[in-house]
Amino acid sequence: MLGVAASSSPSFAAATTASAAHATHNRKTIGLAFHRNTFTSPPIFHSTDCGRFHFLSLRFSNAFSIKAMSDSQTLSVPTHDPQSSAPGNKQALISLSDKKDLAFLGTSLQELGYTIVSTGGTASALENAGVSVTKVEQLTCFPEMLDGRVKTLHPNIHGGILARRDQKHHIEALNKHGIGTFDVVVVNLYPFYDKVTSAGGIDFEDGIENIDIGGPAMIRAAAKNHKDVLVVVDSRDYPALLDFLKGNQDDQQFRRKLAWKAFQHVASYDSAVSEWLWKQTVGDKFPPNLTVPLSLKSSLRYGENPHQKAAFYVDKSLSEVSAGGIATAIQHHGKEMSYNNYLDADGAWNCVSEFRNPTCVIVKHSNPCGVASRDDILEAYRLAVKADPVSAFGGIVAFNTEVDEALAKEIREFRSPTDGETRMFYEIVVAPKYTEKGLEILCGKSKTLRILEAKKNEKGKLSLRQVGGGWLAQDSDDLTPQDIQFNVVSKKKPQDSELRDAEFAWLCVKHVKSNAIVIAKDNCMLGMGSGQPNRRESLRIALRKAGNEVKGAALASDAFFPFAWKDAVEEACESGIGVIAEPGGSIRDGDAVDCCNKYGVSLLFTNVRHFRH
């Protein structure tokens, strides 16, 4: 579109009436001149008022070509009189999807002398709140189009945002084209994240339409030029913005912090779009590039040790929405969580969530030291403590059932089996839910006891782990006994009760640090050995903890036994173990089979390894 613009100055306004009589003649003359020298199809004229200028527009219905015009044929755009949007006047650009506290912001900025420029629904909301608004199309001289895809992508907007106030030629360019500067840009984006994670899902085309284009462009422009433009993407920053504008000093650190937040906001937004689009196209779990958006949940007192600073971040990936886990647990009571608290609570919760029957798991230093399943959850709790009461003291206790009044009383009053007197102390209790009375009783146990309510982790998550200079990514280890086969490779077949014990031990051992051995019987862990450089030492620790109860119990190993004779397998058989479950895969598997046959022990190969480092 070519526009013939006339200044809206008072002198022009006075001449408007006289000029109106010649409008038709002028349009005809211009049309003939342009048609003869320039265009292959006849023009269609539109007259439109646009902010500072009155435009005579020439639109063409067919393809056309433009020839070079001599100076006498060139139409110039005259300079305009200073208006509210002229350079030097204070302007704030506001375009929001989330309109929380919009009226407060608009009113406050107007009181501070700012002209408010806004778009669509934001402009309407401001006007309904009694705030005077200049609509974006009054500055761009172009209507919103393409179903809202194009509104603010225009030099009259981005020129006003990006112009550097300390560069003379930037200001001269603005003056030449009649573009005003923006001092404040307040923008948030289409709710893409909420739309694509909604319960009912979203069609691909709807997802595409919820990808914001103009918003990120304005945010990035303002953030880049933060020395001159204040950019706000979070309604919680409105009070700080207004306080800053009321002050007399220009704090560049404040501006930089807002700019950082703006770029981070856009980066997280783009990360969600990228994750969603990758799943819509390829769906592979390991894309060529991976961005994990993390949001600070809390600063921690320290890390694993007091000399290490630490913080806790929540993963805002689309795949983590409503996917459960300790990161989204609700803390009902107690001291703030520590770095080690999160690690141990995560281990306890992941372990207990894998059991189908009512189960209690107690964890110390990321290892389950007590696990028991019973129809009576109170009995399960007592047996879990009994497995290793010394380790359980000061640990994390987790349940996969509701904590009611009776269970809460048992947790509060239960004495250590070591002396029958010392009341058990715990750092954390975690469960899927609590009754009102149960929660009240637990809160009375200790002011420091952390009480967490968590949702079970969904299967199929991506597991990430940091190494120096990089990250390791893998599928989460979600296999349960129901997912695999326990293949009998010995002469002796296990009884049904022994097979159930082997499955229970196998489910426990996957949560123990390698090298890991678990001894269990009657759905109760009797002893475990963890973290030893050789499997034989882990076995000996587990046997020592199990004591006399080892007779007829099941033993599970997280990996195969490299040796059998005069080694771990033979020691286990000699101790009275009734059934052994291990992955198999050693070049000496035959020795393990022969050893178990000699002692009359059932040997099961799972073909599944459970290393945990």
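**Arg450 and its surroundings**

User: Which residues is Arg450 in contact with, leaving aside its neighbours within four places in sequence?

Analyst: Arg450 touches Arg301, Gln331, His333, Gly334, Lys335, Glu336, Met337, Asn341, Glu427, Ile428 and Val429. Contact here means heavy atoms within 4.5 Å. The model is a predicted one, in which local features need pLDDT of at least 70 and side-chain atom pairs count only at pLDDT 80 or more, while totals for chains, interfaces and linings use all residues. Residues are numbered from 1 along each chain as its sequence is written, and side-chain values use heavy atoms, with hydrogens and water left out.

User: Is Arg450 buried or exposed?

Analyst: Arg450 counts as buried because its relative accessibility is 3%. Buried means under 20% relative accessible area, exposed over 50%, and partly exposed in between, with a 1.4 Å probe and protein chains only.

User: And which side chain does Arg450 join in a polar contact?

Analyst: The partner is the side chain of Glu427, at 2.7 Å. A polar contact is a pair of N or O atoms within 3.5 Å; within protein, one must be able to donate a hydrogen and the other to accept it, and residues adjacent in sequence count only if both atoms are side-chain atoms. Arg450 itself lies in strand 16, residues 450–453.

User: Stepping back, how many helices and strands are there in the protein chain?

Analyst: The protein chain has 21 helices and 24 strands. These are DSSP runs numbered from the N terminus: helices are H or I with at least four residues, strands E with at least two. Of its 613 residues, 44% count as buried. Among contacts with a separation of 6 or more, 62% are between residues 24 or more positions apart.

User: How many disulfides does a search of the whole structure find?

Analyst: The search finds zero. For Cys360, the nearest cysteine sulfur is that of Cys369, 9.5 Å away. A disulfide is a pair of cysteine sulfur atoms within 2.5 Å.

User: Changing topic, how many aromatic pairs are found?

Analyst: Eleven aromatic pairs are found in the whole structure. In the pair of Phe204 and Trp276, the ring centres are 5.5 Å apart and the planes at 15°, so the pair is stacked. Phe204 is in helix 9 (residues 204–209) and Trp276 in helix 12 (residues 252–281), so placed that they link distant parts of the chain, 72 residues apart. Rings of Phe, Tyr and Trp (its six-membered ring) pair if their centres lie within 6.5 Å; planes under 30 degrees apart count as stacked, over 60 as edge-to-face and the rest as tilted.

User: Which residues form one aromatic cluster with them?

Analyst: Phe192, Phe204, Tyr269 and Trp276 form one cluster. Of these, Phe204 is partly exposed at 35% relative accessibility, whereas Trp276 is buried at 6%.

User: Finally, what is the strand order of the open sheet of six strands?

Analyst: The order is 19-24-23-22-20-21, with mixed pairing. Strand 19 (487–488) and strand 21 (525–529) are the edge strands, each pairing on one side only. Two strands pair if DSSP finds at least two bridges between them. Strand 23 (residues 579–582) and strand 24 (residues 602–605) run parallel, joined by four bridges.
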